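Here is a short tour of the structure shown below. We will start with one chain as a whole, then turn to its partner and to a few details of the fold.

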Amino acid sequence: MKNNKLTIMNLAICCLALFTFHVAASNCTAQIAVKGGTVWTMAGPPIANGVVLIKNGKIEAVGPASSVSIPAGYRIINAQVVTPGLIDAHTVVGLNGYLNQPHDQMALDGGASFQPELRAIDAYNAEERLVEWLREFGITTIHTGHQPSALASGQTMIAKTWGKNVDEATMVPTAMVAVTLGSAANAGPGRSPGSRAKQAAMLRAELIKALENSKKTDAGKDLKTEIMLRIIKREIPLLITAHLAQDILTAIRIAKEFNIRVVLDGVSDAHMVLDDIKASGFPVIVHPTMARAGGDTENLSMENASKLRAAGIRVALQSGYEGYVPKTRVVLFEAAMAAGNKRLSPQEAMSMITIDAARILGIDNRVGSLEKGKDADIAMYDGDPFEFTTHCTGTIINGRLVSEVVR
Amino acid sequence: MKQLYLCALAVLVLACPLLGQSRPTAFVNARIIPVVGQPIEQGILLVQDGKIKAVGDARTVRLSADVQTFDLAGKTIMPGLVDSHSHVGSGSGADASAPIQPDVRLLDGINARAASLQRAQAGGITTVNVMPGSGHLDSGQTLYLKLRDNAVKIDDLLIFGKDGSYAGGIKFANGTNPIRAGGGSFPGTRAKSAALVREQFIKAQEYRDKIKKAGKDATKLPARDLAMEALVDVLEHRRVVHFHTHRHDDILTALRLQKEFGFRIVLQHVSEAWKVADEIAKAKAPASIIFIDSPGGKLETTDISFINGAALEKAGALVGFHTDDGITDSRWFLRSGGLAVRAGMSRDKALYALTMANAIMLDLQDRVGSLETGKDADFIVLSGDPLSVYTHVLETWVEGKKVFDRSDPKDYLIAVGGKGASDGEGAEHIHCFDGDIGENE
């Protein structure tokens, strides 16, 4: 009996390598050469028999094996398919944890409906198991923060999925301010906002206040004013989650009124207002391909991403916010379903979780593609990354082999 | 008079194709995965009157002159998928009045026209066990449905046995979902949960004994009690217990109760199955598992793993998969097979777990779950390998009738979503992996 149990444990630990003890041994940044049967650089067509050289945490060279020679002393890692480290363009992982208990759900403070001053870095848990979970599927960068459940729930941040604490992990401490329009933004019985029109009125009032403050020299130094000034000055965008067509249009209307930057998020009805989104010039972080339809998301389509792309709109995919299970989606799986639907090529689907996500997040100078000088963030697979039966075999972040788990 | 005859004749001729498929239909040149038996290249599936007449190839299947032929070269045919645990149809079961309500039937609270049923057809599901939620120790009787087309009432989807009864099981649950702090008659602990269930089964045994003792003397029969009648059905193996359970100790508790009362059980969810796979196999308890994209969501599912399928297979247990729709969408049910194989399960057993294993769990193995002569003509046409992300369900057939066709714009809308694809229910209508949201909160 006991032996049988051990066999099961072996199955879990050895064959499928749920846990691996190699990681600790390979924590140092070394000079690494990643050899891939196919290397998707996302800066050009895939390279057959490619090599990525890594030195001091950065990409030193990328190209076919015939033209990139591996210097002596480089550790060689082989993979069937190599891609840039994946980017989840919108999640709440790290603020919300896998237990789903009050003590690990920190992406929403229910005390007030408009709290743009809440910083994500003050809540981010770099050691959260869901961060590790994503890392093991090749996701190396996440745009995470306060959840879309209040008019303004707080700030977002950009982090690498490696680092022993928030300071080590953080790329951008304040990326955007999370605003929600629609049913999810209502504050509950007897409190405001309680309607769509009230949401818009409250958001406009806050922006008017910020605009007035921006003209004063002595605007004071309260936290809310500080962050709202950064919005008005176009230093950072609002991340506006809106699903119904009228909510998307409200977001665009308000953005125009105040000449602020906006990243549209969710946008289940995008396929109904493509022209308006295109005219706004705003990029879109579209809902997960496998998101559930119902309520504000009743019209969502797994073809939204492809339709937005076809309209010439920049699109990234997200794992989004889940109140229950899966406590986080895996953006690789969501891109896979988009590719599987075949309105997008695998290359296009991959761009939504790599280079286009990086562009929307303003971090494409560092991540999102395999190019010389960029951060050495790499995901490795034993086949087509999108196939259900393919495994992620390793993840490199900042030139460090941070996962060898076979997922 | 002559005109009347002509008219009647015309009606007969027109009606003929509607009267089942008296003309045989052959689906030819496809790769056929019968699930029971080896895959057949260039296969032939012969269907007549809603039943499978033959499965084979040109050497083994003779086609009559009047056969209607569909050329499916390059396509794959496999049995219609069987989902052993779902909440499609927006059904409801027990209310908040008591933790054990065997008398409540999902039959009396399900919407046969819900969009979720169409989504299941789009996912290739042809037979489904629709259950009430898990916020009770027993939330009522479940329904096994055939996802026939154009249902106007639930009767159109029922599966009837030879005795005229409709097929279904009963839902039980343990772990944290039925536990309600200060919940009146509801349990506050796991041990109390078990005690309450045992108490009811002992009552049911006594009720059954009274009936047996009365024999043919109607005056000695106990007063009718709908709850007791349902539990007697369970004790007499006329109704299978679908037991929602997650943590390893809860799984063992479910098996302990099963052993004490001898009822037939299907373990549902079984999130920590990999920890007690040998015990599950030894108890000969079928396990219906689910694939969730990340662990957690609640404390008792923190150790859920993609390896459950492989671990149970290795231990020799009967493994099926389920959607728990809306926890996972019926349209991606085939994906469960892919994720199982990703974590080490064999392809054959993964395909079996999507079809035949579930049919066995629902006592429908003589009618569905595989492509075998004499079984219901429930099958799906796929664009490629069943476990590839690039494969689409092109057609779904139930009892020889096409119920989903991806090339039909209306059906395509259901398959990919968009305006008009949903009836607005769904996103927040989550029952079972969790407690009954709304009732508990």
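## Overall fold of chain B

In this predicted model, residues 24 or more positions apart account for 70% of the contacts in chain B with a separation of 6 or more. Chain B holds 11 helices and 17 strands, and 57% of its 441 residues count as buried. The C-alpha trace of chain B spans about 70 × 60 × 45 Å along its principal axes. How does the radius of gyration of chain B, 23 Å, sit beside that of a compact globule? A compact globule with 441 residues would have a radius of gyration near 22 Å, so the value of 23 Å for chain B agrees.

## Where the chains meet

Let us move to the interface, where 46 residues of chain B are in contact with 47 residues of chain A.

By residue class, the side of chain B that touches chain A divides into 21 nonpolar, 14 polar and 11 charged residues.

## A sheet in chain B

Chain B also has an open sheet of six strands with mixed pairing, in the order 8-10-11-12-13-14. Its edge strands are strand 8 (138–141) and strand 14 (319–321) of chain B, each of which pairs on one side only. From one strand to the next, the twist averages 25°. Within this sheet, strand 12 (residues 265–269) and strand 13 (residues 287–289) of chain B run parallel and are joined by three bridges. B:Leu267 stands opposite B:Ala287 in strand 13 of chain B.

## A helix pair in chain A

Now for a look at chain A. Two packed helices are described by the angle between their axes and the distance between the axes. For helix 5 (residues 196–215) and helix 6 (residues 223–232) of chain A, the axes come within 9 Å and cross at roughly 85°. On the helix 5 side of chain A, the contact is made by A:Glu206, A:Ala210, A:Leu211, A:Asn213 and A:Ser214. Helix 6 of chain A contributes A:Thr225, A:Met228, A:Leu229, A:Ile231 and A:Ile232. The residues of this contact between helix 5 and helix 6 of chain A divide into six nonpolar, three polar and one charged.

Key:
Residues numbered from 1 in each chain as written. Chains lettered and ligands numbered in written order. Predicted model: local features only at pLDDT ≥ 70, side-chain atom pairs only at ≥ 80, totals over all residues. Helix = DSSP H or I, 4+ residues; strand = E, 2+ residues; numbered from the N terminus. Rg over C-alpha atoms; globule rule 2.2 N^0.38 Å. Buried ≥ 20, exposed ≤ 12 C-beta atoms within 10 Å, placed from the backbone. Contact = placed C-beta atoms within 7 Å. Nonpolar A, V, L, I, M, F, W, Y, C, P; charged D, E, K, R; others polar. Axes fitted to C-alpha atoms, helices over the stretch in contact; angles between N-to-C directions. Pairing = 2+ DSSP bridges.
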